[in-house]
Amino acid sequence: MVWTPGQRLNGDRYIIEGELGQGGFGVTYLAKKAQNRQRVVIKTLKDDLLSDRHFARYRDKFRDEALLLSLCKHPNIVQIENYFIDGNLPCIAMEYVAGKDLWKLVEKRGILWETEALNYIRKVAEAVIVVHEKGLLHRDIKPQNIMVRDNFDAVLIDFGLARGFIPDRTQQMTVGLTHGFAPPEQYGEIGRFAKYTDVYALAATLYYLLTKTPPTPAFMRALNYSLKPPFQINPNISDAVHRAILKGMEMDETKRPQSVQKWLAMLPQSPGNRGQRGGVLPTIPSPQPQPQPINLISAKEGVDYRKLDRLLARGKWKEADEETAIKMLEVAGRTKDGWLRGEDIDRFPCADLRTIDQLWVKYSNGRFGFSVQKRIYESLGGTGKDDEKIWKAFGDRVGWRVNKEWLYYNDLKFNTKAQEGHLPRMGLSVGGRFGLLRIRVGYSSLASRLVECNI
């Protein structure tokens, strides 16, 4: 039967809150633990499989998924907590990962900055390395199976297609795949499957994050439908990343990097230099990241963001924070007054908010920026209304408050070791005439404006 909200499972240990979604064979529910009210996800088989003549096979595979998942311990792999039977249905209880999957994130925000996309891919790749060390293939790496936590950590989920593999050995595996992200060898039951099978999916996922376009399915590529080079969709992709994507998605598995580690070695530690695509230039090491171009747009004539761009590119975080405040006052026509009113924030131009945010997000590798702060604020229950409790929780999360005490501006951390969302800060506190109360009210207004501007 379908589980309903309030239903208790496993000796009243879990209380169902509602259904999260369904797949080909399984269904997942959001639940909470009766003991401490902590949220978990419970996955089980669909009811209609109970009458299927192959139910025993589905049940055994489901149990195997629980076992495989329990073997793979890594911060970027969803962790299993329990396995139990409810009636005849096998159940897996696992950690609840708050946030969005990468597919939904890209659908909402559009193409990701290269540094942010690489941050997610590297974390997932490290998780996949652990999976491979256990003699397993995930076989279903795709944006929908990568959750992004509220702190922007990436977590690999759904091990329903995971199987063991033996290198350099022809094997038989059940067919299961997602078009666009599965390599050609996964379309057959018998073949050679190895680490390079998951490499293809990682490269395909990176392709999507940087283009917002699902890659051409492998079966169509086998019929001479070409894979559109990602730089033709997003010309800001660096040469090194472009090469890594295409190499990882080679149709001939022998031409792909033979392990995730070898594929990761192709990716730059910072955005690379772009060159002429026919003779691709190597990525040249540099002490500073080479910025991808951002249109420094302002809705107000004469406002120039080039200094802010230069400061952020050099990692001058405090000077950049002060420059952010100067520009926000300039845009609002409040330079002489030295602080922003609520009405100034309510009508602050979206173009300028977007320019400032993109610069901070880009140069901090997704760590700082208004959009980063907004996601944290919303994850805590912030709605744009002044709420002291939410504001204190926000201050704790971004590091503006330590041991229940608000930090003075000069005590903030102006480096990338600071907590996510720590910067920018100065834009809402220039002059400090009304102290923290005005910053709190101002930030609530800013959060609402960011929503209106779709930032």
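This is a predicted model: local features need pLDDT of at least 70, side-chain atom pairs count only at pLDDT 80 or more; totals for chains, interfaces and linings use all residues.
**Entry 1: helix H13.** I began at the end of H13, which is followed by Gly381, a residue with a positive phi near 100°. I took helices (H or I, at least four residues) and strands (E, at least two) as DSSP runs, numbered from the N terminus. Residues are numbered from 1 along each chain as its sequence is written, and side-chain values use heavy atoms, with hydrogens and water left out.

I then looked up the burial of H13 (residues 370-379) and found 7 of its 10 residues buried, where buried means under 20% relative accessible area, exposed over 50% and partly exposed in between (1.4 Å probe, protein chains only). The buried residues are Phe370, Ser371, Val372, Gln373, Lys374, Ile376 and Tyr377.

**Entry 2: whole chain.** I noted 15 helices and 15 strands. Of the 455 residues, 52% count as buried. Among contacts (heavy atoms within 4.5 Å) with a separation of 6 or more, residues 24 or more positions apart account for 59%.

**Entry 3: the sheet.** I traced an open sheet of 6 strands in the order E1-E2-E3-E4-E6-E5, with antiparallel pairing; two strands pair if DSSP finds at least two bridges between them. Strands E1 (8-9) and E5 (80-86) stand at the edges with a single partner strand each, so one side of each has no neighbour in the sheet. Further in, I checked E4 (residues 39-45) against E6 (residues 89-95) and found antiparallel pairing over 5 bridges. Val40 stands opposite Glu95 in E6.

**Entry 4: H9 and H10.** I recorded that the axes of H9 (residues 306-313) and H10 (residues 317-332) come within 8 Å and cross at roughly 160°. That makes H9 roughly antiparallel to H10 (angles over 145 degrees count as such). The contact involves Lys307, Leu308, Leu311 and Leu312 of H9, and Trp317, Glu319, Ala320, Glu323 and Thr324 of H10.

**Entry 5: backbone geometry in loops.** I looked up Arg37, in the loop between E3 (26-33) and E4, and found a positive phi of about 65° although Arg37 is not a glycine. Asn403, in the loop between E14 (401-402) and E15, also has a positive phi, near 55°. Asn403 is exposed, with a relative accessible area of 70%. Pro424 lies in the loop between E15 (405-406) and H15 (435-452).

Key. Axes are lines fitted to C-alpha atoms, for helices over the stretch in contact, and angles run from 0 to 180 degrees between N-to-C directions. Angles under 35 degrees count as roughly parallel, over 145 as roughly antiparallel, 65 to 115 as roughly perpendicular and the rest as oblique.
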